[in-house]
Amino acid sequence: MGLLELPGCVMFIFMDKNTVTLKVGLVGDAQVGKTSLMVKYVENCFDEVYTQTLGVNYMERSINIKTTEITFSIWDLGGEAEFTNMLPLVASDAVAVLFMFDLTRKSTLSSVKDWYRQTRGFNRTAIPFLVGTKYDLFVDLSDAEQEEITRQAQKFARAMNAPLIFCSTSASINIQKIFKICPRERR
Ligand SMILES: Nc1nc2c(ncn2[C@@H]2O[C@H](COP(=O)(O)OP(=O)(O)OP(=O)(O)O)[C@@H](O)[C@H]2O)c(=O)[nH]1
Ligand SMILES: [Mg+2]
């Protein structure tokens, strides 16, 4: 709380607001749904048409938690190998990194190992999250396939010491939650 005196004796009372900016990096193979997740979170829309990210995308969204305004500055790296040289832009100074894979494509989960290793090379302290995307399609897989990928993802999450979250951008599942738990996991 603060008091401000202006000429003419007009008195204003204003609340001091805590503001914090959290940089969040999104990495993972091409087409796992990184840009879709960011656009859904910031603009609340989803596009079925794939537009490849050529380099790095950036968006911001602010939310209020109690008296703190948190601005998420979200950096999204194109997943094709040719953009890996821009990983430092996304990873440096990030408070959290979402390592994203497609729940219906096992190879994208295997790739997380490499994304994690490379990202750690530029940022040793960011909180890692393991995010499985396209849960709406995953539920159509056989029970055996679902169990296998879930087991494998749990193994990776344990090795990374990361929370594991399944989400669907198209069906709006867990999108808000991912960003809500980012500040909570901050160490
Ligand atoms: N069914 C379904 N499709 C999704 C979901 N999220 C993304 N997609 C689709 O998956 C495709 C790839 O999504 P993008 O967000 O462009 O993927 P990306 O990871 O940014 O890809 P790059 O920019 O090449 O790295 C698009 O056609 C999206 O519409 C989801 O939750 N469910
Ligand atoms: Mg993209």
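Trainee: Which residue just after helix 1 takes a positive phi?

Mentor: Asn 44 does, with phi at about 55 degrees. Keep in mind that this is a predicted model.

Trainee: Where do Asp 93 and Asn 161 sit?

Mentor: Asp 93 is in the loop between helix 2 (87-91) and strand 6. Asn 161 lies in the loop between helix 6 (143-160) and strand 8 (164-166).

Trainee: Why is Asn 161 called exposed?

Mentor: Count the C-beta neighbours inside 10 Å: Asn 161 has 8. The cut-off for exposed is 12 or fewer, so Asn 161 counts as exposed.

Trainee: And why does Asp 93 count as partly exposed?

Mentor: Asp 93 has 15 C-beta neighbours inside 10 Å. Buried needs 20 or more and exposed needs 12 or fewer, so Asp 93 falls in between and counts as partly exposed.

Trainee: How do you know whether Thr 53 is buried or partly exposed?

Mentor: Thr 53 has 19 other C-beta atoms within 10 Å. Buried takes 20 or more, so Thr 53 is partly exposed. Thr 53 is found in the loop between helix 1 and strand 4 (56-65).

Trainee: What does Thr 53 touch, leaving out residues up to four places away in sequence?

Mentor: Thr 35, Asp 76 and Gly 78. Take Asp 76: it is 23 residues from Thr 53 along the chain, and their C-alpha atoms are separated by 8.3 Å.

Trainee: Which residues come nearest to ligand 1?

Mentor: Of the 22 residues around ligand 1, those are Gly 33, Thr 35, Ser 36, Thr 53 and Gly 79. By type, the shell divides into 4 nonpolar, 12 polar and 6 charged residues. Helix 1 gives the largest share of that shell, 3 residues.

Trainee: Which residues of helix 1 are buried?

Mentor: Lys 34, Thr 35, Ser 36, Leu 37, Met 38 and Lys 40.

Trainee: What makes strand 4 lie largely in the open?

Mentor: Of its 10 residues, the number buried is 0, so strand 4 lies largely in the open.

Trainee: How do you know that strand 4 and strand 5 pair?

Mentor: At least two bridges are needed. Strand 4 and strand 5 (residues 68-77) have 10, in the antiparallel sense. One bridge joins Ile 63 to Ile 70 in strand 5. The two strands form a hairpin with 2 residues between them, and Lys 66 in the turn has a positive phi of about 55 degrees.

Trainee: Which residues have the most contacts inside the largest nonpolar core?

Mentor: Leu 26, Ala 96, Leu 98, Phe 99 and Phe 129, in a core of 37 residues. Strand 6 (residues 96-102) gives the most to this core, with 6 residues. Beyond neighbours within four places in sequence, Ala 96 is in contact with Leu 22, Val 24, Ala 126, Ile 127, Phe 129 and Cys 182.

Trainee: Where does pLDDT stay under 50?

Mentor: Over residues 1-9. The protein chain averages 92, and 90% of the residues score at least 70.

Notes:
Residues are numbered from 1 along each chain as its sequence is written. Chains are lettered from A and ligands numbered from 1 in the order in which they are written. This is a predicted model: local features need pLDDT of at least 70, side-chain atom pairs count only at pLDDT 80 or more; totals for chains, interfaces and linings use all residues. A residue is near a molecule or strand if its C-beta atom, placed from the backbone, lies within 6 Å of it. Helices (H or I, at least four residues) and strands (E, at least two) are DSSP runs, numbered from the N terminus. Ala, Val, Leu, Ile, Met, Phe, Trp, Tyr, Cys and Pro count as nonpolar, Asp, Glu, Lys and Arg as charged, and the others, Gly among them, as polar. A nonpolar core is a set of buried Ala, Val, Leu, Ile, Met, Phe, Trp, Tyr and Cys residues joined through C-beta atoms within 7 Å. Two residues are in contact if their C-beta atoms, placed from the backbone, lie within 7 Å. pLDDT is the predictor's confidence in each residue, from 0 to 100.
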